[in-house]
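Have the structure open in your viewer as you read.

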Amino acid sequence: FLKPYRKAWIGIIFLSQASALIGLLNPFVAKFAIDEALAKKDLRLFFIAASLGAGIFLFNSVAGIGKEFLDRYVHTRVLFDLNRLLFARMQKLSMRWHNDKSTGEHLYKFDNDLGLIAGLITDNLPRLLVILPKFLLIWVILFWLNPSIAFFSLCLVPFYCLPPYYFSRKLERIFEEITRHAELILKNLE
């Protein structure tokens, strides 16, 4: 599904990676501003560091806008292609299949499921390709700048990851129950 939009998708990956990598320069700019400019009370170095920080912010803002535009374009096109494929498939199904369930049930499931599939293809995959290298680079930079603070923050990672995992599992069960109740209501309406 991404093949017809590979140029835009490559643009999304490039802008995401460039933004992530350039964003990782912020700790170095802050370190330079504090250790060199402020410590030596050099106003010229401080303005250079501030200009670099502003340039990084500006680049990330422009890259974010471009990425979001391409992201929405690819998402919309993939969703359209999925809908077209599903519509063609539904036309080949028997009338009995169409009569077994209500039109609303079909529309709800298709709309919801196709949105999730398009999101998986266009949103989650690029995000994964950006997050993993960025995560590794952040840890390398942290250990390079201050190993003791990096080790301490590494020990805190489980406390950061466990609550979302716990609550997402609970929410998943709740959504499954809501879906089951919605299906029962739809069946009772028929």
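## Ground rules

This is a predicted model, so local features need pLDDT of at least 70 and side-chain atom pairs count only at pLDDT 80 or more, while totals for chains, interfaces and linings use all residues. Residues are numbered from 1 along each chain as its sequence is written, and side-chain values use heavy atoms, with hydrogens and water left out.

Helix labels come from DSSP runs (H or I, at least four residues), numbered from the N terminus.

## α1 against α3

Start with α1, residues 6–23. The axes of α1 and α3 come within 9 Å and cross at roughly 155°; axes here are lines fitted to C-alpha atoms over the stretch in contact, with angles from 0 to 180 degrees between N-to-C directions. The two helices are therefore roughly antiparallel to each other, a label for angles over 145 degrees. α1 passes α3 in a left-handed crossing, meaning that the near helix is turned anticlockwise from the far one by less than a right angle.

Which residues of α1 and α3 meet? On the α1 side they are Ala8, Trp9, Gly11, Ile12, Leu15, Ser16, Ala18, Ser19, Ile22 and Gly23. Across from them, α3 brings Ile56, Phe59, Asn60, Ala63, Gly66, Lys67, Leu70, Asp71, Tyr73 and Val74. Contact here means heavy atoms within 4.5 Å. By class, the residues of this α1 and α3 contact divide into 12 nonpolar, 6 polar and 2 charged.

Buried means under 20%, exposed over 50% and partly exposed in between (1.4 Å probe, protein chains only). Leaving out residues up to four places away in sequence, Ser16 touches Lys67 and Val130.

## α2 against α3

Now for α2, residues 26–38. The α2 and α3 axes come within 9 Å and cross at roughly 170°, so these helices are roughly antiparallel to each other. α2 also passes α3 in a left-handed crossing. From α2, the contact uses Asn26, Val29, Phe32, Ala33, Glu36, Ala37 and Leu38, and from α3 it uses Leu45, Phe46, Ala49, Leu52, Gly53 and Ile56. Sorted by class, that gives 10 nonpolar, 2 polar and 1 charged.

Which residues of α2 are buried? They are Val29, Ala33 and Ala37, and what covers them includes α3, residues 43–92. Val29 shows this at the residue level: its relative accessible area is 14%, and it touches Ala49, Leu52, Gly53 and Ile56, not counting residues up to four places away in sequence. Val29 and Leu45 sit 16 residues apart in sequence and 11 Å apart in space, C-alpha to C-alpha.

## Other residues on α2

Ile34 lies in α2 and is exposed, at 51% relative accessible area.

The C-alpha atoms of Asp35 and His75 are separated by 45 Å, the pair being 40 residues apart along the chain. From Pro27 to Ala39, 12 residues along the chain, the C-alpha separation is 16 Å.

## The nonpolar core

How many residues make up the largest nonpolar core? There are 12 in all: Leu2, Tyr5, Ala8, Trp9, Ile12, Ile13, Val74, Val78, Leu82, Leu114, Ala118 and Ile121. Such a core is a set of buried Ala, Val, Leu, Ile, Met, Phe, Trp, Tyr and Cys residues joined through side-chain atoms within 4.5 Å. α1, α3 and α5 (103–145) each supply at least two residues of this core, and the largest share, 4 residues, comes from α1.

Core member Leu114 touches Leu79, Leu82, Asn83, Leu86 and Lys109, again not counting residues up to four places away in sequence.

Note on methods
Parallel < 35°, antiparallel > 145°, perpendicular 65-115°, else oblique. Nonpolar A, V, L, I, M, F, W, Y, C, P; charged D, E, K, R; others polar.
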